[in-house]
Amino acid sequence: MSADRDGQESPEPEVGPAAKGSPEFHPYRHPAAGWGAAKSVTQVLLRERALVDGPRAIMRMNHENTGFDCPGCAWPDDLKGLKLDICENGIKHVTWEMTPKRVGREFFAAHSVSELSEWSDFSLEDQGRLTEPMRYDPDTDHYVPIKWKDAFELFGRVVHELDHPGQASYYTSGRLGNEATFLYQLMARELGTNNLPDCSNMCHEASGRALQAALGTGKGTADLKDWETADALFIMGVNAASNAPRMLTALAKACHRGAQVVHINPLVEAAATRTIVPHDFLDMAVFKTTRTSTLNLQPRIGGDMALVRGMAKAVLEQSRTDPKALDKEFIDRHTTGFDEYRTLCENTSWEELELQSGLSRADIVKAARVYGDADRSIFSWCLGVSQHEHGVDIVREIINLLLLRGNLGREGAGPSPVRGHSNVQGNRTCGIDHRPTEEFLDRLAEVCKIDPPRAHGLDTVNTIQAMHRGDVKVFVGMGGNFALAAPDTPYTYAALRKCELTVQVSTKLNRSHLVHGRQALILPCLGRTEKDHQRNGLQSTSVEDSMSMVHLSNGMKRPASRHLLSEPAVIAGLARAALPDSSTPWEWYIEDYDRIRDTMAQVLDGFEDFNRRVRLPLGFRIKQPARELVFLTPSGKAEISTAPLPDVVPTAGALVLGTMRSHDQWNTTIYSDNDRYRGIKNLRTLVFMNADDMRERGIAEFGRVDITATARDGSIRSLKDFVAIPYEIPRGCAAGYMPEMNVLIAVGDYSTQSDQPLMKHINVVIEAAA
């Protein structure tokens with residue numbers, strides 16, 4: 001059981017497939033990818049009955065402009081047009097979408113919402129693809145079929161009955177293509193609201209705000225060619241083997257050519273040791289492994305900022321006797337704030353840096369030496385850095401360190417955040433932003449002939465709170481599984497159930513369809529792998545990867561049902577119903593997506609001549625002013641920050657817990673109860689702990705424990721009867737899986753810098769179960 005904000009007991013959501021055996025734990029000591037991944041892929045193809053379509057998809061995925069973009073991670077496509085630029089998790093994701101199983105009206109007639117609410121999340125998604133639009137019938141507690149026209153009219157009617165446009169909120173996950181994204185934000189703003197929360201609000205908001213403040217751009221500046229030429233790569237808070245597996249190729253190549261690869265993470269993950277790259281068939285045949293790291297550092301959770309400042313301190317100390325330790329010409333010409341930062345580093349003691357980082361001075365200096373010896377360095381990071389109270393400060397500290405040696409604006413250097421979902425960066429680029437700039441709104445108004453609202457809208461956390469208060473009455477989820485992805489699960493469930501209408505645009509059944517408003521619609525859409533036929537022929541959509549490359553995606557498979565609509569078509573239908581007098585040519589746009597792209601080219605910076613450039617081999621890269629040493633900051637220079645070092649040491653008796661995904665999981669989609677790279681089988685309700693922390697608390701190996709978190713508002717929430725797994729993790733730290741542990745994160749426990757839920761920094765007490 002878990003307590004909500006008011007102390008009321010609420011049942012925990014059931015997640016994961018039914019266990020097929022007793023829980024097992026065997027430390028993983030093998031290389032990442034290789035034959036283990038190949039075996040897993042074979043099992044997936046057999047399970048999903050995709051022995052024909054699966055291999056076809058493998059040959060079409062991430063293949064220039066003739067194939068479809070992987071709906072999984074946002075790692076860039078291989079620059080040389082690699083024929084098998086794939087990974088285990090991408091294949092899982094694709095075959096999960098291409099399943100022959102179907103969820104139609106017969107299924108919903110046989111199962112009530114109350115019954116389905118008792119099913120596991122694995123079982124819900126495992127039923128297959130949704131085939132037609134459905135409406136919730138409160139009299140029978142079943143979803144029943146509804147025609148598309150009637151579904152759109154229901155949405156339009158409820159929206160028109162709202163007191164004001166701000167009573168609706170329009171969420172998107174990272175899977176939405178650029179064209180649909182542009183139409184979605186256009187609809188919301190023409191309706192009169194900037195309530196456009198997205199998954200970035202929960203993941204990389206801190207990265208965007210930090211990069212914008214420091215460099216005048218919300219994105220990284222490094223591209224894949226830079227990764228191939230860097231002398232040193234620093235990988236922070238990233239579990240690449242599971243979350244961006246194609247990065248393994250870049251890491252292996254870097255080590256092979258003699259570059260230094262430093263992994264910084266509280267857990268030493270499989271990607272931080274060695275790999276067998278699956279498309280290197282000769283290596284596979286002879287079981288040849290390649291290193292993926294030259295140094296592993298395990299800071300305490302939240303200790304990254306102290307580590308990076310310690311590296312900067314070491315570089316500055318070296319510069320007293322070695323002028324080449326700093327790029328003084330770059331600093332003087334292109335930065336501001338250096339003298340204040342030097343003083344700050346000098347005044348920060350090594351004792352404090354060791355305490356807050358959880359690392360020794362010798363380890364910090366070792367990392368600094370790698371950085372100092374490298375002519376060109378890249379820093380890459382993911383949610384292990386951004387999902388903290390001080391996530392913005394941590395990212396800005398990384399930028400500070402890069403600036404000290406001029407690691408910006410030249411090949412092989414720069415910041416490179418790793419976006420974890422296929423088009424989450426494209427969503428933000430194409431207008432999904434609750435805090436849009438005046439410049440963007442001005443262009444939108446001029447080109448699209450609308451009067452967009454100027455007040456900031458609601459992000460994810462504020463949308464949940466507004467729904468709970470009754471201030472937001474309509475929630476539209478464009479992809480994803482909002483109910484499970486959001487923090488404070490019982491509170492979020494209650495908030496969604498207070499809505500007048502919830503609309504979920506989805507490919508498969510999930511928890512968010514069962515946690516719904518008084519009225520609810522399920523609108524099924526095409527998947528990334530499927531052909532999109534419109535009046536003017538077969539259509540392509542575009543996506544942006546994590547390094548700002550924009551390219552086309554073309555589906556290869558016949559749609560799962562003749563009743564499915566594309567995401568742009570769903571949005572156009574909703575928009576026309578809610579805006580019957582709109583001059584926006586919604587239907588005309590859907591006939592030919594080139595027309596959408598022509599409009600986008602007039603509105604969006606960097607999308608000029610969109611239709612021609614996106615059809616180039618590998619597409620095109622959006623311009624990055626900071627890469628050219630043009631800084632759109634108030635000072636016109638890169639701005640070095642001087643934030644105070646936060647205290648991240650847990651109080652006596654407490655631990656700091658971070659949530660994460662298992663290897664056999666993609667966001668909230670759980671493929672099995674296994675986590676191969678961490679040696680787990682048939683178990684998800686677990687917590688990884690340092691063995692000394694376990695002994696200190698009298699917790700036996702694999703013993704049952706209770707986990708308790710106290711929110712900022714004083715409310716208590718807990719998880720009972722979890723299994724404690726001894727793991728190589730720093731003392732004072734613990735880790736476990738989301739979404740199971742989302743109940744521990746109160747809706748009010750979010751970063752005051754980025755408004756992100758603190759999913760990587762939860763203060764908990766763990767005790768042996770009574």
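**Cysteines, sheets and helices**

Reply: Happy to! Let me start with a cysteine: cysteine 382 has 8% relative accessibility, so it counts as buried (buried is under 20% relative accessible area, exposed over 50%, partly exposed in between, with a 1.4 Å probe and protein chains only). One caution is that this is a predicted model, where local features need pLDDT of at least 70, side-chain atom pairs count only at pLDDT 80 or more, and totals for chains, interfaces and linings use all residues. Residues are numbered from 1 along each chain as its sequence is written, and side-chain values use heavy atoms, with hydrogens and water left out.

Me: Switching topic: in what order do the strands of the five-strand sheet run?

Reply: The order is S14-S11-S10-S16-S17, in an open sheet with parallel pairing. Helices (H or I, at least four residues) and strands (E, at least two) are DSSP runs numbered from the N terminus, and two strands pair if DSSP finds at least two bridges between them. Strand S14 (295-297) and strand S17 (414-417) each have a single partner strand, so one side of each lacks a neighbour in the sheet.

Me: What joins S16 and S17?

Reply: Four bridges, in the parallel sense, with S16 covering residues 377-381. Tryptophan 381 stands opposite proline 417 in S17. Helix H20 (residues 391-404) packs on this sheet, touching strand S10 (232-236), S16 and S17, and its direction makes about 175 degrees with that of S16. Contact means heavy atoms within 4.5 Å; axes are lines fitted to C-alpha atoms, for helices over the stretch in contact, and angles run from 0 to 180 degrees between N-to-C directions.

Me: Nice. Which strands form the antiparallel sheet?

Reply: That open sheet has three strands, in the order S23-S24-S25. Its edge strands are S23 (541-544) and S25 (620-621), each pairing on one side only. Helix H8 (residues 178-191) packs on the sheet and touches S23 and S24, with its direction at about 90 degrees to that of S23.

Me: How many residues of H8 are buried?

Reply: 13 of its 14. Glycine 192 follows H8, with a positive phi near 110 degrees.

Me: Where is serine 546?

Reply: In the loop between S23 and S24. Serine 546 counts as buried because its relative accessibility is 5%. Leaving aside neighbours within four places in sequence, its contacts include Trp75, Pro417 and Arg419.

Me: Last one: at roughly what angle do H17 and H18 cross?

Reply: The axes of helix H17 (residues 350-357) and helix H18 (residues 361-373) cross at roughly 90 degrees and come within 9 Å. That makes H17 roughly perpendicular to H18 (under 35 degrees counts as roughly parallel, over 145 as roughly antiparallel, 65 to 115 as roughly perpendicular and the rest as oblique). Among the residues making the contact are Trp350 and Leu353 of H17 and Ile364 of H18.
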